[in-house]
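Subject: Structure handover

Hello,

Here is the structure I said I would pass on. Please look through it before reading my notes.

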Amino acid sequence: MRHGRWACCERGLAPLLAAWLLLAAGMAWWPPAVAAADGQAIAPTHADLIVTDSPAPPAGDDPRWQPRPLAQDEPGRSAWYRVRFDAPATGPDGPLVLYLPYFYGGGRILLNGALVAEVPHTTATLRVRWERPLLLLLPPAALQAQGNLLLVQVHAEHQGSSVSLPRLEVGGQNRLQPVFERRLLVVRTLPILTWVAGSVVGLLVIFIWLRRRDEVLYGLFGLAALLWAQRTSTFVLDALPTGTWEAWRLVYLLCTGGFVLVMTLFVLNLAGWSRRGVTRALLAYGAIGPVVFLAAGEGPLMRAWTAGLLLVGLGMAAVAVWAAWRQRSGETVAIAVAVVLGVAAGVHDQLVATRSPLVMQWLPGWGDHHLFLLHHAANLLLLVMGVLLALRFVRSLHAVEEANRTLEDRVRQREGEIAVSYQRIAALQREQAATDERQRIMRDLHDGLGSQLFTSLSRAERGALDSGAMADTLRGAIDQMRVAIEALASEDQDLDATFGNFRFRWDARLRDAGITPTWDIALPDTPPGGTAPLGPHDALQLLHIIQEALTNVLKHARASQVAVRVAFEGTTLAADITDNGQGAGPPPPAGTGGRGRANMRNRAQRLGGQIAWHAAQPGTRVSLRAARGVPGADPPSG
Amino acid sequence: MTDRKPIGVLIVEDEPEFISRFSEAVLGDPQMRLLGAVSTGKAGLALLDAQPPDVLLVDLGLPDISGIDLIRHAARHHPGCDALVVTMFADDTHVISSIEAGATGYLLKDASAARIAAAIHEVREGGSPISPSIARRVLARFRGPAPAATALPAAAATPVPDEPSPLSERETELLRLVAKGFSFDAVAEVLSISPHTVVAHVKNIYRKLAVHSRGEAVHEARQMGLL
């Protein structure tokens, strides 16, 4: 698993990280301006300065002009700088332009007394921080070959009380244009992109988190992206009215602090170190900031709060590195690298902003460019987080797919098992039904045929049977056997075959006796109303009853016609045997006849029905009616 | 009819009771002549060859050889002889086997003397009795290929499309009606033919069944390399 995570993260993260680092390094180390070694560009390091609030430029011979190094803070709210230069020969570099890497407080620029440009500057009602570089065409009409005088009025930044003129350059447009554009990309285009992309991605991820509250990392990442996007607006909004600026400043501080805290929570979560106490403490610390700001403004207290955030950041870096060391997973290592870079960038920015001697000593000239790295490092951090979450998302998708596959397999397997056991149950039920059926028919043979044979044997033995009665008895027994065989022969419950055989046998027999039979047997394979089909046992009862009735017609009725009708009346099985003989006549002699009727009643009861004898005109009608149950409900049986 | 030569009948039946019953039925009919009544298959075989009868009444459960062998022998060597198999319930599998061996009808064991004589006359006049279960089995036998053909891959590779059903449509229809229990008279009425034609049809069907089963036997024997 760990190996898999490594492989997966290496694939996704390593190229991205490398690309980002290359890009950031490229932008950072590209020389923003080239020294005028070849005489094609003029980059003065010093200028004359007069600190004054006067809107009019001081006279050239004003004694207050003092030479001062550029890009150095000078106390005061407003000042004039003076630079003299000879115009270099215009060649392939194009017309002469003036390049200013930034113009924080805003101000005016004059060449030989003519206004070249004016940037809004900080006033009582306006706060300005002009991050953008300027590239100004020096009007050829105002330009002299020698002894050009450049006057620049600078103002303090929004909250500051010091002024500073950045290291300006004068040179051919073709030479300075790329420099200007690189700077513009870094300090303006990228922040705008960050602002927009961070806001969109942050909102999107927060939306995802709202739907899936358990995925805390998504929520933290979305919040971090959103906070950072708002903070980055610092570099995009150059000028704000004073009232708005106060609120915006609060937002800025909140966003900065919030970003650090949320990042810390993210790193803790990723490292598996989330503790409720730590989380609460961090959130409480974050809440203190705005309270301090509202109560005391941007005073020393606020600076202490910000410094505390730096400590939190260092702690976060330590946790990230420690987690990377312990877990050695692609995720933790990537986050650790990004966090360390971020903290380093933050420290670097702090040093540059405060013009720390460290920077001045080790990287002379670098600090003057006022290039801040934190928001690039933060972008990298957000990118790494985003990629990690995307990878996690993809992984969980894979896991879900895998789980689905497993589930499908299992379901299929279970289906197979259920089908098998269902078949087994069905087979058992069939077997059971067949056994039941066999037992019922056995009992039937025993009670019917068996008892008749034993009774006849007994009577024959005591000489109570003449040969005619004996023949009758035996013929009756054979008939019973035939009916049983007919009912049992229909292995596939083929009623047509059962009743066909019966009808065939009796047709010939009745005709031989001079009786014309009429058959109306309508037994559909599937009875109406969803009732249970007639099983062999039911068929046996029915055939016994009809056979007994026909035997009576044959023996006693002296009929010339008999009609047999079997049909369903709704869900009731109906059988009628009607002859045109002499009617029921006198009760049959004690013995056979009476027992015959009792047998028929018995069998009718086994079918769940009733049997009745009606006098027809002429003749007799034997009527059977049996209500058929639906399967599942036990059919009534005797 | 009265001028005709009497019908020679041979009875092969192992139960004395039924020998006498059948013999009496034959002897009681002036148009019949009892050629012999024996109780073993071998005796029956000897008599069969010595004096070929017109009608052979044979029980299947003989003590020495199977009645079916007797029927087969008669069908092969004495084609003019009609074999009637004696059965208790007319639904025996044996009845079908007998018909396939060449029997042209069956006789119920408990039939009255009059019915026995009538059956013998019917079969001589070109008719055969049939019961619903026999009709059913015959229908099933001719429906689709023989089971052996589907089981053997070699046979499956050479199906028998040239042998659809040897039964004519009329014969099939007749069998269906009989299978439902219709009497010959009723069948004749439905098909608008005379009852005599019905029984003649049945005899024809039996002959086809015997030929078919013989052809099948030869076919199978070839498949198994016996021929």
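The notes below cover chain B, its contact with chain A and one of its helices.

This is a predicted model, in which local features need pLDDT of at least 70 and side-chain atom pairs count only at pLDDT 80 or more, while totals for chains, interfaces and linings use all residues. Residues are numbered from 1 along each chain as its sequence is written, and chains are lettered from A and ligands numbered from 1 in the order in which they are written.

Chain B as a whole: there are 11 helices and 5 strands (DSSP runs numbered from the N terminus, H or I of at least four residues for helices, E of at least two for strands). Of its 227 residues, 42% are buried, meaning that 20 or more other C-beta atoms lie within 10 Å of the residue's own; exposed means 12 or fewer, partly exposed in between, with C-beta atoms placed from the backbone.

Chain A: 14 of its residues are in contact with 11 residues of chain B (C-beta atoms, placed from the backbone, within 7 Å). On the chain B side, helix α6 (residues 132–142) gives the most, with 3 residues.

Helix α1 (residues 16–27) of chain B: its 12 residues reach 16 Å from first C-alpha to last, close to the 16 Å expected (1.5 Å times one less than the number of residues). B:Phe22, B:Ala25 and B:Val26 are its buried residues. They lie on the same side of α1(B) because they cover an arc of only 100° around the axis, taken from the directions from the helix axis to the C-beta atoms. B:Pro16 and B:Glu17, on the other side, are exposed. The cover over the buried residues includes β1 (7–12) and α5 (113–124) of chain B.

Regards

Methods. Contact = placed C-beta atoms within 7 Å.
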